[in-house]
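This report describes a structure for a reader who has not seen it before. The sequence and the model come first, and the description follows.

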Amino acid sequence: MASRAASIPQSPPFPAGLTRDQLLEIYRYLRLTRTLEERLTALYRQSKVIGGLFRSLGQEGESVGSAYALARGPNPDILSPLIRNLGSMLVMGAQPLAILRQYMAKAEGPTRGRELNVHFNDLEKGYLGQISHLGDMVPVMAGIALSFKLRGEPRVGLVYVGDGATSTGTFHEGLNFAAVQRVPLVVIAEYNRWAYSTPPEKQFAVKDLAEKAKGYGIPAVTVDGNDVLAVYEVTKLAVERARRGHGVQFVEVKTYRRKGHAEHDDQHYVAKDELDWWAKENDPVDRYVKQLIQHEWAEQRELKAIDDRVKVEIDQATDACIDEPLPPGESALGGVYAGPAAAPRHWYRSL
Amino acid sequence: MADVTYLEALRQGLWEEMDRDPRVFILGEDVGAYGGAFKVTEGFTKKFGEARVIDTPISEAAIVGAAAGAAHMGMRPVAEMQFIDFISCAYDMLTNYVATARYRAGLATPIVVRGPCGGYVRGGPFHSQNPEAAFFHTPGLKIVYPATARDAKGLIKASIRDDDPVIYLEHKWLYRRIKEALPDEEEILTPIGEARLAREGKDLSIVTYGATVWKSLEAADQLAKDDGLAVEVLDLRTLLPMDDAAIMRTVQKTNKVLIVHEDTRTGGLAGEIAARINEQAFAWLDGPIMRVTAHDVPLPYAPTLEDFVLPQTEDIVKAARWLAAY
Ligand SMILES: Cc1ncc(C[n+]2csc(CCOP(=O)(O)OP(=O)(O)O)c2C)c(N)n1
Ligand SMILES: [Mg+2]
């Protein structure tokens, strides 16, 4: 079989203008996301991950596919991920070690134990962490994109928003503001059929989230969110349109949240056969693997090699930080303002 | 008499009012089929139907605004904030519309806005807040904050029956941590505006509310054992309007007062309480009015950081000991 691998050319017929290496890289990010989340789940069960744990199982495709459409490297495009966009952060260059430290509130983590899960940023790499208040990142990302426009930088902002979060006021204000200002912003609306326990019928009266964008004069498309390459292609088009000065672009990804809202949620409100169907028939990683193999874009053993390397990488990152200390209590007081002065320590702490 | 948790007591109170008064209905995110993020409204849809237990979109301003409109028309809505941290999204509705409606326009707005507050649970900056100070400054609102199971029940019932808008703050750290035997036959109603003497003493008073009532009681036990001090603990229960008379009574009795709250210090309620004591009972004081509060930072996630920032029992012990010796 070794000779067969060598015969695979590094040029088309590959899809979506991607090279073979890129196709394999996309696979690596999908696997990395899933394996890292599985590790986080294990650590959560051991009470090492202290807060809640939110899974993106079944949604890795839309996270990875959309982020992969952005420019990375120096002066990257900037995205703002949600709790279920771990894959997007990994694509932008977030390191498993930093993510593990953050979830375990380690002193060496990116927020030094102040914030939880994916609430952290690296603007050099191209991601801005969310806050919990849903919808808030839409206007903020409109502002990031506005800065690109004002400075004439050929960069694009991308913001994720859940189907539930499209009900917030900030989502609507931010979207309209961005549309009027014609800023280079791409909105990825994640129709994953749940907002905690709330189904779409109780969340909005339109069928597709894309209809909401149209009300603001924003071009919108809907895409199969579990088809990684389709998400990539559609987002790529949107990103390039935004970059060329065509204003806000809206991409609705249809996908499915296969786990509960967070690990504590037993999903008793979800039909079991529905979950089974999405797991068996419409898993984004399985579908991508099938494509890779059927079109002979890659070989099973190459994918297996990637799986193995990912596992080793995550084992090493976990081993490197699992026994690290939490931040010292006193360090909580610094950094509220730009100046060096920390918040005062209360009088009785010195008694 | 059955032992019920703080959460179950709140649930019973809501249930009884829904049962008693058809004008009462509940609206909020995931309150129906799911029974609420913390299961406060579990089983309500089955008993009262979907029309009276409304699963809403993620739209806090609309939840509160719609509750206000329905209340003008004679309904008694109870709005749930999934976490009280998200009440900030309804700040405009509450402070501008709801709070002024009676004064401006003679409109009754008998709504209750309730939700889980507070830290000590490793929730990080957006699932741990205590928002009382943000609303305390707004005339027209009432704010209650039960510390016991009995008051969790008594205050939700009183809030629903009150003719003005009430923000009902419930502490998630207390939800399943405390239990109390509540009589089945007696109707429990806690009057809004009345503090509760949680522990009698003569040497020093602690004025507090919410989760720190329990930390203060723990400190008082320790001070009795180790120092022979008799510490009085006053649980405010209602923050707005505040029970000045109860505060002055305890000050006049012990002549020393320590104010304890979980919220941050600057602009926190302790400042207002201290000012009132200063105005109304200055002559009775034998020492400075002192505060034990959270440090002035957003509440961080790591256990080491959260423990440092929040007031702990040991802090209350030390501060009280210092004040007693003053
Ligand atoms: C303003 C606001 N209200 C309520 C919440 C509580 N909350 C957290 S996630 C969530 C559901 C979000 O659903 P969706 O936007 O569809 O994202 P998904 O979880 O499906 O990724 C809710 C209600 C919040 N974070 N912010
Ligand atoms: Mg959703």
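## Surface and charge of chain B

In this predicted model, chain B has an accessible surface of about 11600 Å². Carbon and sulfur atoms account for 53% of that surface.

Chain B carries 35 positive and 47 negative side chains. The centres of these two sets lie 2 Å apart.

## Fold and dimensions of chain B

Twelve helices and 14 strands form the secondary structure of chain B. Its C-alpha trace spans about 60 × 45 × 40 Å along the principal axes. The radius of gyration is 19 Å, which agrees with the value near 20 Å that a compact globule of 326 residues would have.

Of the 326 residues in chain B, 63% count as buried. Among the contacts in chain B with a separation of 6 or more, 82% are between residues 24 or more positions apart.

## A cis peptide bond in chain B

The peptide bond that runs from B:Leu240 to B:Pro241 is cis, and its omega is near 0°. B:Pro241 sits in a loop of chain B, with strand E12 (238-240) on one side and helix H9 (244-254) on the other.

## Fold and dimensions of chain A

Chain A contains twelve helices and five strands. The radius of gyration of chain A is 21 Å, close to the 20 Å given by the globule rule for 351 residues, so chain A is as compact as a globular protein of that length. Along the principal axes, the C-alpha atoms of chain A fill a box of roughly 75 × 50 × 45 Å.

In chain A, 58% of the 351 residues are buried. Of the contacts in chain A between residues at least 6 apart in sequence, 74% join residues at least 24 apart.

## Surface and charge of chain A

Chain A has 43 positive and 44 negative charges, whose mean positions are 2 Å apart.

## Positive phi angles in chain A

A:Arg112 is not a glycine, yet its phi is positive, at about 50°. This residue, A:Arg112, lies in the loop between helix H5 (96-103) and helix H6 (137-151) of chain A. With a relative accessible area of 48%, A:Arg112 is partly exposed.

A:Glu296 also is not a glycine and has a positive phi, of about 60°. The loop that holds A:Glu296 runs between helix H11 (284-294) and helix H12 (300-321) of chain A. A:Glu296 counts as partly exposed, at 46% relative accessibility.

Methods
Residues are numbered from 1 along each chain as its sequence is written. Chains are lettered from A and ligands numbered from 1 in the order in which they are written. This is a predicted model: local features need pLDDT of at least 70, side-chain atom pairs count only at pLDDT 80 or more; totals for chains, interfaces and linings use all residues. Side-chain values use heavy atoms; hydrogens and water are left out. Helices (H or I, at least four residues) and strands (E, at least two) are DSSP runs, numbered from the N terminus. The radius of gyration is taken over C-alpha atoms; the globule rule is 2.2 Å times the number of residues to the power 0.38. Buried means under 20% relative accessible area, exposed over 50%, partly exposed in between (1.4 Å probe, protein chains only). Contact means heavy atoms within 4.5 Å. Accessible areas come from the Shrake-Rupley method with a 1.4 Å probe; for residues, only the protein chains shown count as cover. Lys and Arg count as positive and Asp and Glu as negative; His and the chain ends are not counted. The place of a charge is taken as NZ of Lys, CZ of Arg, CG of Asp or CD of Glu.
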